[in-house]
Amino acid sequence: MVGAGECGRNIALQLYYQLTSMRYTYLMKNFYYFLTDSEDTLRVMSNIHKKGIPSEAINPEKANERVHPLNVFMLSPASSHAGVGGAWMISAEMARDFFRGNEEVNERYIDLINEHITWCDCFNIFNSAGGGTGNGAGPVFLEYLRSKSTQDSARKLYTATIVLPFEKESGGWRDVNAAANMARYSTLCDGILIADNQHVQNMMKQNTMAVHETVNRLLANAWMWMNACSSSDLSISPKGWEGADFKRSFRIGDCSAPVVPCYREEPKDKLKKINIGWIVLRTIKENCAAKCLPETARRILVIVALPDKKEIPSYESDIMAYLQEELFKERNPEIDIIFLRGRAMQHLSITVLLVSPTIPRLEELQTHFEAYLDDPQTFEEDMAGQVSERSYDTTLHAYRIEYDKFDRYLEYLNKFSQSG
Ligand SMILES: Nc1nc2c(ncn2[C@@H]2O[C@H](COP(=O)(O)OP(=O)(O)OP(=O)(O)O)[C@@H](O)[C@H]2O)c(=O)[nH]1
Ligand SMILES: [Mg+2]
């Protein structure tokens, strides 16, 4: 798991934090963390500390075997105090420099990453799509991870987990950044897991901080339960799912599938009173990370974690029948349901992954991107910070390339959804 930039780091930390709780420590050993930013080290460290993470996890000198390391490093020793302020092309260049290995301080992290590439079978980058550092560095990291495991890459899972910005957030360029980020991920991943801060805010009607926390928790839970699907400590039916299984169910042709995760918890005795199919449908309708048309999904994965180990699951057909009748009607998407049982489960946890549903926000991103390129004055004003390193024409050209890529991606997704 790579957390790049502030948002990416926060989601990775949320996952780390959850797995340090006694109930889930058996899953912690399956994850390796790398957190990176272009911000000043001390600021990042103190931010991590504030979240209750022990300093042994952060500081390599203090590391010990009992504490799982976080591997926090700066993209560049010349990192500024405040990050790159949305200028993703600058941080993409920093990430490329990082892998060129010119900086001695970062050598140990490149070695560690190379080492992990040989044994991990799933690689995920967390980043905000509307920011700069994670947006720029994320795809460079994913490209590196893929290129280093060429022989095995056909079996390994590559994903990005991104967060779309609020609609009225400061920085009119955020939507453009988000589209450019997805464009670059579109041919690098098997799936792009998408959350949308705006959608979650519309659902819960709370302030920015509360939305960030909810989104981070939702994404951390989705990853925790996806990982639990291959845990030898749980009883899993009908079969365990590994990286390669997720890969097969995500991928659509040569492109990354947009995947919308949903997550909900319920008290364990709820099943005595309520049909589980209804709970799964509520999860999709009320606890979805991004606004989408779930009935258009090509494929659905439902992961149900149950406290009780003894009962033989008879719920699979209940869920299938309910979703078919209430959501899909005459459509027949593939539905996979995985049951996880173990003593650690204290409540019923439902994770749903909607693979490649229609996501209206993506069309909006495209419209904003187009308007932006059609308005040279706004473009020039917004690029003031970025152009110092490049000429205005080069920057505009690079953005046009990303626009075309994003356009092709949406066209591909449309064609694919019509063919299904
Ligand atoms: N869900 C969620 N969104 C966040 C979080 N932190 C920031 N964001 C969103 O991410 C976007 C800003 O991106 P950051 O992640 O702060 O940017 P960065 O990658 O650090 O890049 P720069 O700071 O521009 O160098 C905005 O849309 C924020 O609303 C978080 O913890 N959770
Ligand atoms: Mg930042």
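Helices (H or I, at least four residues) and strands (E, at least two) are DSSP runs, numbered from the N terminus.

This is a predicted model, in which local features need pLDDT of at least 70, side-chain atom pairs count only at pLDDT 80 or more, and totals for chains, interfaces and linings use all residues. Residues are numbered from 1 along each chain as its sequence is written, while chains are lettered from A and ligands numbered from 1 in the order in which they are written.

**View 1. The whole chain.** The chain holds 17 helices and 11 strands. Its radius of gyration, taken over C-alpha atoms, is 21 Å, close to the 22 Å that the globule rule gives for 420 residues, so the chain is as compact as a globular protein of that length. That rule is 2.2 Å times the number of residues to the power 0.38. The C-alpha trace spans about 65 × 50 × 45 Å along its principal axes. Of the 420 residues, 45% are buried; a residue is buried if 20 or more other C-beta atoms, placed from the backbone, lie within 10 Å of its own.

**View 2. Strand 5, covered on both faces.** Strand 5 spans residues 157-164, and eight of its eight residues are buried. One side carries L157, T159, T161 and V163. The other carries Y158, A160, I162 and L164.

**View 3. Strand 4 beside strand 5.** Strand 4 (residues 122-128) pairs with strand 5 in the parallel sense, over seven bridges. Two strands pair if DSSP finds at least two bridges between them. F123 stands opposite Y158.

**View 4. Strand 6 on strand 5.** Strand 6 covers residues 191-196 and pairs with strand 5 in the parallel sense over six bridges. T161 has L193 as its bridge partner. L164 stands opposite D196. Six of the six residues in strand 6 are buried. G191, L193 and A195 lie on one side, with I192, I194 and D196 on the other.

**View 5. Strand 6 and strand 8.** Strand 8 (residues 257-267) also runs parallel to strand 6, paired over three bridges. Here the bridge partner of I192 is P258.

**View 6. The shell around ligand 1.** The shell has 26 residues, and G5, G83, S128, G131 and G132 come nearest. A residue belongs here if its C-beta atom, placed from the backbone, lies within 6 Å of the ligand. Helix 1 (5-19), strand 4, helix 7 and helix 10 (208-228) each give two or more residues. Helix 1 provides the largest share, four residues. By type, the shell divides into six nonpolar, 17 polar and three charged residues. Ala, Val, Leu, Ile, Met, Phe, Trp, Tyr, Cys and Pro count as nonpolar, Asp, Glu, Lys and Arg as charged, and the others, Gly among them, as polar.

Notes: Buried ≥ 20, exposed ≤ 12 C-beta atoms within 10 Å, placed from the backbone.
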